[in-house]
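Hello,

Here is the structure we talked about. My notes follow below it.

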Amino acid sequence: MCVVKTSGKLRRRSRYLFTTSILSMAVASVVSTGADAATKSHHPTKARPSSPRAVSQVASKPQRHHTVEGADPESISVSVSRVRSHGPEVAVTRKVMDRFVEGTNPMQILAMTTPGANFTSTDAFGLDTYGNTFYVRGFTQMQIGATLDGIPLGTQGFANNNGVSITQAMIQDDVGGMTMSQGAGALDSFSAQNLGGAMTYTSSDPKDKAGGKISQTFGSYNAYRTYVRADSGILNSTGTKFYASFARTDTDMWKGAGGQSELQADAKIVQPVGEHGKLTGFFGYGNFQQMNYLTLTKNMWRQMGRDTTYLKPDYEKAKQWAYYAQYTSDVPPGYEGKLSNDEIGDYAWDASQVQRTYLSAVTGHFDLSEKIHSDTVAYGNVSSGLYGGTNNFVTSPSYGTPSLQADGSVTGVPMALGMSHADMRRLGFTQKFSYEAPHDNYIESGVWYENSRWIYDSMLYEDGLTTGHNPLSGFKKGTGSTWYNDAYNTNTFQFFLQDRWKIMPGMTLLAGFKSLTQTTHGGTKNDYTDQLAAEGWNTYYRHAASGTLTASGAFLPHFNFDYHFLDHHEIYWDIAENLRAYDYYSQTSSATPWGGLGNSSQSAQSVFDANKKVIKPERTWNYIVGYRYDSRFFSGSADFYHTDYYNRLASITEGSTATAHSAYLNVGRETMNGADAVATIRPFRGLEITNSFSWNDAEYQTSSINYSGRTYSLKGKHQVYYPKFMYKANLNYTWRQAMFNFNVNYVGARPMTYLNDQYVPSYWQANLNLAYNFGKVGFAQNLKATFGITNLFDTNYIGGIYGAASVSGDNNANLFVAAPRQYFGTVSAEF
C-alpha cells in the first residue's frame with residue numbers, strides 16, 4: 001500500500017491549514033499587544049480561578065488534577081516520579097515516558113504501565129498503524145475516545161478516515177503527559193466512538209526560558225531518529241512564548257525489502273490575555289510511509305517461519321504464485337501439504353502505505369468571572385493517504401491471458417497494483433463552560449460539532465512483464481484505471497452536562513449525561529468493475545453499496561463516586577452508558593455497515609438496505625468498583641469491572657481475496673467481567689517495583705446467528721482477539737544520575753475465531769532500558785545517554801491482528817508477527 005506525490009488540491013489544503021495556524025499565532029500576538037496595555041502586571045499569570053476555594057474545587061477534578069499539576073512549572077505532569085492514579089483513571093508522567101526508547105508510540109507506553117491494557121505492533125517504535133493493535137479491558141483503539149489538548153482525535157486505527165493517530169498528530173517528545181480512563185471515559189472528552197475508556201494527551205507548554213533540545217538515536221536495522229526543539233522563552237511583558245519541533249525517524253524493515261520513515265513537525269504558541277485568559281495556537285504535521293509487513297495465517301507463520309513476508313525482489317516467483325492463486329486451485333511445486341491455495345494467494349510482490357496529515361487548532365481559556373470559566377477549541381485537520389499493494393487476483397491486460405509454461409515460468413502478468421487514493425477533511429469546534437456553584441458544586445457543560453469528509457478512490461495500475469511497479473512514485477491522483485469511487489460525509493453533535501459535588505473533604509460525587517448524534521451519508525459513487533472486466537483486467541465483484549445511517553442517543557448517563565479517607569485510602573465506583581457511532585471506510589473493507597457486503601449473486605446494496613431496517617448502534621453499560629492504597633513505600637489497587645454490551649456488531653469474513661465477502665451482523669449481547677490488581681513497592685529511595693495481574697472474561701451471549709446460510713451459536717464463546725489473562729512487571733531503579741528499567745509482559749492466548757476453535761498462542765515479552773545523565777557539560781545542559789533493548793529475549797510471537805475474524809478455522813490471513821530483538825542508543829542534550 002503506497003504513496004508518494006501530493007496532489008495540487010492537497011497542497012492547497014495543507015497551505016490553508018498551515019496559514020490558519022500562522023494566523024492564529026498572529027492573532028495571539030495582536031491580542032498580546034492590547035493585553036499589554038490593559039494589564040497592570042508585567043508578569044504572565046495563570047488563567048485559573050484566583051480564590052482558594054475555586055482552586056480547591058478545580059484541583060479536586062480528576063481529569064484536571066492529572067493533567068496540570070506537577071513539581072516542574074515548565075512541564076505538565078501528574079507526578080514527579082511515577083504513574084499515578086485517581087478513581088478509574090491512570091496517568092503517566094513525562095518522566096515515566098522518558099524511561100522508554102525515544103519516539104515510542106504513547107499507546108505502547110500506556111500498555112506497558114497500565115493494567116488491563118495490551119499493545120502490539122510490527123515495529124519496535126510502534127509506528128505501523130496497519131500492524132498496531134491496542135486493547136484496554138476488552139475495547140480496541142477503535143472503541144476508545146482520544147483527545148489532544150481537548151482536540152478530538154477520532155479513532156486511533158489504521159487509516160486516518162475520521163481523525164488522526166497520536167503518532168502523527170504530535171511528536172512524542174512534546175507530549176507532556178497522558179491519562180487512560182479505564183472506566184467509561186469522561187463526559188467532557190469528546191468522541192463518537194467511545195464505548196469504554198478514554199485516552200487524554202496533553203502537550204507540553206513552551207518554556208519560560210529560551211533554549212532547546214536535540215537528540216539523536218541509532219539502532220538495529222539501520223534505524224536512526226533525530227529530534228530538535230527550540231523554545232523562544234518569554235518574549236514580552238504579556239508572556240508570549242512558543243516552541244517549534246522537528247523529528248525524523250528512519251529504519252529498514254526487519255524482514256523483506258524496503259523501509260519505514262516518518263517526518264514530523266509541530267509548533268505551539270501560548271499568549272496570556274490579561275490576568276484571566278489565555279490563547280494557544282497549535283500546528284502539527286506528520287508524514288509516514290513504509291513498505292508493509294505481510295499478514296499471515298497461523299499456519300503460514302508456523303510453516304514458513306517468522307521472516308516470511310512479501311515476495312519482493314523475486315518477481316518471477318511473484319508472477320508464478322499469482323498465477324496459481326488466480327487461475328488454479330493448486331499450489332506451486334514443493335508446497336503441497338504445506339500451504340493452501342488461499343495462502344499462496346496471500347503472498348504477493350509487495351504492499352506499502354503513505355499517510356500525510358496536518359492538524360491545526362486555536363484554543364482559548366477565559367475566566368468570565370470569578371466563578372465562571374470558558375474553554376474553546378476550534379480545529380481543522382486534513383489528511384491524505386495512498387494505500388496499495390499487489391493484487392494477485394486481477395491481470396494486467398496489456399500482455400494477454402497468462403499461461404503456465406513447462407519450466408514453471410508464466411507468460412503475461414497475472415497481477416497488478418491496486419492503489420487507493422484517500423483524502424480526509426475535518427472541521428470542528430468544542431465549547432465548555434464551568435461554574436463554581438454554591439454548596440461545593442462544580443458544574444460543567446459543553447458542546448462539540450464536527451463535519452468530516454472522506455474520499456476513497458480505488459485504482460489499478462499495470463505491472464510490467466519483467467519488473468514490478470515502483471511503490472514510491474508515479475501515482476498521482478487521476479492516473480491509473482478507476483475501479484470504484486467512494487465518498488462519505490459525516491456530521492457529529494455532542495452535548496454534555498455534569499455536576500461534581502464535593503460532599504465532604506475527600507468525597508466527591510459526579511452525576512451527568514451526554515447526548516450524541518452522528519449521521520453519515522455516502523458509500524459507492526461509481527463502480528467500474530464490469531468495464532474493467534471487459535478491458536481484460538479479470539476484475540471481480542466489489543460490493544458496491546451506498547446510503548445513510550444515523551446513530552443517536554439522547555440521554556447517556558454517567559455517575560462517579562470517589563472517596564479518599566484515612567490519608568492513604570481511596571474507594572471509588574463508576575457507572576456509565578455509552579453509544580458508538582457507525583464506522584465507515586470503503587465498499588470493500590470489513591467491520592463497517594457499508595463494507596464487503598454480499599457477493600456476485602446477492603448484491604451489497606440489497607444487504608445494506610435490509611440491514612438498515614434492523615441495525616442499531618453499539619451500546620454499553622459499564623460498571624467499575626475499586627479500592628486503592630497509596631503511600632510513600634507502597635501503592636496498591638484492585639478493580640472489578642462489568643460491562644453489558646448491547647447490539648454487538650461483528651464483521652465476519654470468509655473466502656479468498658477474489659471471492660471474499662463479509663456479513664455485518666448484530667450478534668446480540670456480550671457480557672464482560674474482569675479484574676485488575678496492581679502493587680508497587682518502593683523499599684528505598686530510587687527503587688520502584690510494580691506487578692500487575694489482569695483477568696477478563698468477555699463472552700458472547702447470543703445463541704443463534706445466521707451467516708452464509710448456516711446457523712451458529714456463539715453463547716459462551718470468548719471475545720475474539722483479547723486475552724483472558726495478562727501479567728506485567730516493571731522494575732525501575734534510579735541512583736544519582738543513572739537509571740535502570742526492566743519490564744516484562746505476559747499475554748495469554750487470544751481466540752482467532754468466533755467459535756474459539758483457533759487461538760493465537762500466549763507469549764512473554766521483555767524490554768530493557770538504561771540511561772545516564774552527565775549533567776552540564778560545556779554549554780550543554782542535561783547531557784544524557786540512553787541504551788534500550790526491545791524484545792529482550794527475542795521472542796517469536798504473533799503481535800497485532802488486523803481485520804475481521806472468521807467464524808472458524810485458520811484460513812484468514814490477519815496476523816502480524818511482532819518485531820525481533822532490537823537495540824537502540826540515544827544521546828540528547830538541552831541548551
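Which residue stands opposite Trp621 in β25? It is Glu577.

First, the ground rules. This is a predicted model, with residues numbered from 1 along each chain as its sequence is written. Local features need pLDDT of at least 70, side-chain atom pairs count only at pLDDT 80 or more, totals for chains, interfaces and linings use all residues, and side-chain values use heavy atoms, with hydrogens and water left out.

**Strands around β24**

Strands here are DSSP runs of E, at least two residues, and helices are runs of H or I, at least four, numbered from the N terminus. Two strands pair if DSSP finds at least two bridges between them. β24 (residues 569-579) and β25 (residues 619-630) pair in the antiparallel sense over eleven bridges. β24 also pairs with β23 (residues 546-565), again antiparallel, over eight bridges. There, Phe561 stands opposite Trp573 in β24. The hairpin of β23 and β24 has three residues between the strands, and Leu566 takes a positive phi near 50°. Eight of the eleven residues of β24 are buried, so β24 is largely enclosed by the rest of the structure. Buried means under 20% relative accessible area, exposed over 50%, partly exposed in between (1.4 Å probe, protein chains only).

**Aromatic pairs**

Rings of Phe, Tyr and Trp (its six-membered ring) pair if their centres lie within 6.5 Å; planes under 30 degrees apart count as stacked, over 60 as edge-to-face, the rest as tilted. The whole structure has 40 such pairs. Tyr130 and Tyr802 are edge-to-face: 4.8 Å centre to centre, 65° between the planes. Tyr130 lies in the loop between β3 and β4, and Tyr802 in the loop between β39 and β40, so the pair ties together parts that are 672 residues apart in sequence. Tyr130 is buried at 11% relative accessibility. Tyr802 is partly exposed at 32%.

Tyr135 and Tyr722 form a tilted pair: 5.3 Å centre to centre, 45° between the planes. Tyr135 sits in strand β4 and Tyr722 in the loop between β32 and β33, 587 residues apart. Tyr135 is buried at 6%, and Tyr722 is buried at 1%.

One aromatic cluster is formed by Tyr130, Phe158, Tyr387, Tyr802 and Phe816.

**Charges over rings**

A charge sits over a ring if NZ of Lys or CZ of Arg is within 6 Å of the ring centre and within 35 degrees of the ring normal. Arg229 lies over the face of Tyr243, 3.7 Å from the ring centre. Arg619 sits over the ring of Tyr646, 4.9 Å from its centre.

Best wishes
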